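Hi,

Here's the structure I promised to pass on.

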Amino acid sequence: MSSTLPILETDSVPAGTGERCSPHATPGILDVPIEALRGWLAERNHPPMRINQIRKQILANRATTFEDMSDLPKGLRADLAGTHRVFSMSVERHFAASDDTHKLVLRLADGRMIEAVLIQDDGRATACISTQVGCGMGCVFCASGLNGVVRNLTAGEMVEQLVLLRNLTDANSTNPERAQRLTHIVVMGMGEPLANLDNLLDALAVAGDKNGLGIGARHVTISTVGLPAKIRKLAESGKQYHLAVSLHAPNDELRTRIVPTNDKVGMDAILAAADEFYEKTGRQVTYEYVVLGGLNDQATHARQLAGLLHGRRSHVNLIPWNAVEGLPFKRPAEADLQYLIDTLRRSGISVKVRKRKGSEIDAACGQLRRQAEAALGGERSQ
Ligand code: SAH
């Protein structure tokens, strides 16, 4: 079985030209439990230290096949190739923008698709990864949740996304703008990360390990719709992850219209959990605010939002809406966006407007997967 990944360097791939792996049940080796792997090796008279060698080859040395793992005995490499896979997923589509942003549509072992993005800028290389197939939160402006959630990703599937994106960085780069490895992770792809927190923490532990990808907790941002119990659990993990809460509205009535899960939770509970997160970790919380023209960007919203966040050690990330085909929202008018920025700043709140990267890859998160699925002729329903 080949572990070679078909990488398609194009921004428009007609359906069916990409090499595909048929759905199969074999997990990637990063998802095989250590005990099982140890047993498998022992049956063939190999010492358990081979496990670390294999992992290091994938995580640090960029091996993409067992054959690449030159510090393993040849026979073992062949046995591994016959029974295991380096990666459980394959690259269905690869879009590369002129600013070196890469977007991958990845086909999982069960045939489902997810997205992962690499953003390269200012000597940073940031991986944006998915945590679920689809999303169950149903935010009305977002493409990822249009068909609900299918399943959680495993820890290995999250690490694989990181490795595949890292393999797109240039290990020999001499350009100060381009990092030679991943420096940051944002958990802002498809899915609700805190609905899959255990697997996410396992994956981030591998990412943070110096024998893994070496990306420390302070360089990891986890974005959530706001699940208070899970925010507390994250704070209790004792790790210095950065928390971003998707607020998107300054009052419950409007937030529930935009983020339906707000109905059961309410903003007070979310803000209280976020305040606790700050107290426990010392890490300032970011509030994300998708700016939907005419809906949540008017002067009253600006003043209400400033009032809500005033006095909280927080930061606001304004994200002008990225259009999603078929959804009835608008990007904000320049003057409304500016008023929002000025009002928040006057209240002493730090504000940034999210830059658009890879904009010629004309699709907001979650849409590429849908386009790929549509091009594949409804072969998958999700
Ligand atoms: N479930 C997590 C991660 C979602 S993606 C969460 O709710 O935070 C990260 C951010 O992108 C979220 O704030 C999400 O609301 C926002 N987002 C999703 N679709 C968008 C779109 N079409 N335009 C702008 N922002 C979007």
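**Salt bridges and confidence**

Let's start with Glu43 and Arg44, whose side chains form a salt bridge with 3.5 Å from N to O; the term stands for a side-chain nitrogen of Lys or Arg within 4 Å of a carboxyl oxygen of Asp or Glu. Glu43 is exposed at 63% relative accessibility, while Arg44 is partly exposed at 29%. (Buried is under 20% relative accessible area, exposed is over 50%, and partly exposed is in between, using a 1.4 Å probe and protein chains only.)

This is a predicted model, so local features need a pLDDT of at least 70 and side-chain atom pairs count only at 80 or more, while totals for chains, interfaces and linings use all residues. Residues are numbered from 1 along each chain as its sequence is written, and side-chain values use heavy atoms, leaving out hydrogens and water.

In total there are 14 salt bridges. Another one pairs Glu67 with Lys74, at 3.2 Å between the closest N and O atoms. Here Glu67 is partly exposed at 46% and Lys74 is exposed at 57%.

Then there's Glu288 with Arg354, also a salt bridge, at 3.2 Å from N to O. Glu288 sits in strand β10 (residues 285-291) and Arg354 in the loop between β12 (350-353) and α12 (367-375), so the pair ties together parts 66 residues apart in sequence. Glu288 is buried at 3%, and Arg354 is partly exposed at 30%.

As for confidence, the protein's average pLDDT (the predictor's confidence in each residue, from 0 to 100) is 90, and 88% of the residues score at least 70.

Cheers

Conventions
Helices (H or I, at least four residues) and strands (E, at least two) are DSSP runs, numbered from the N terminus.
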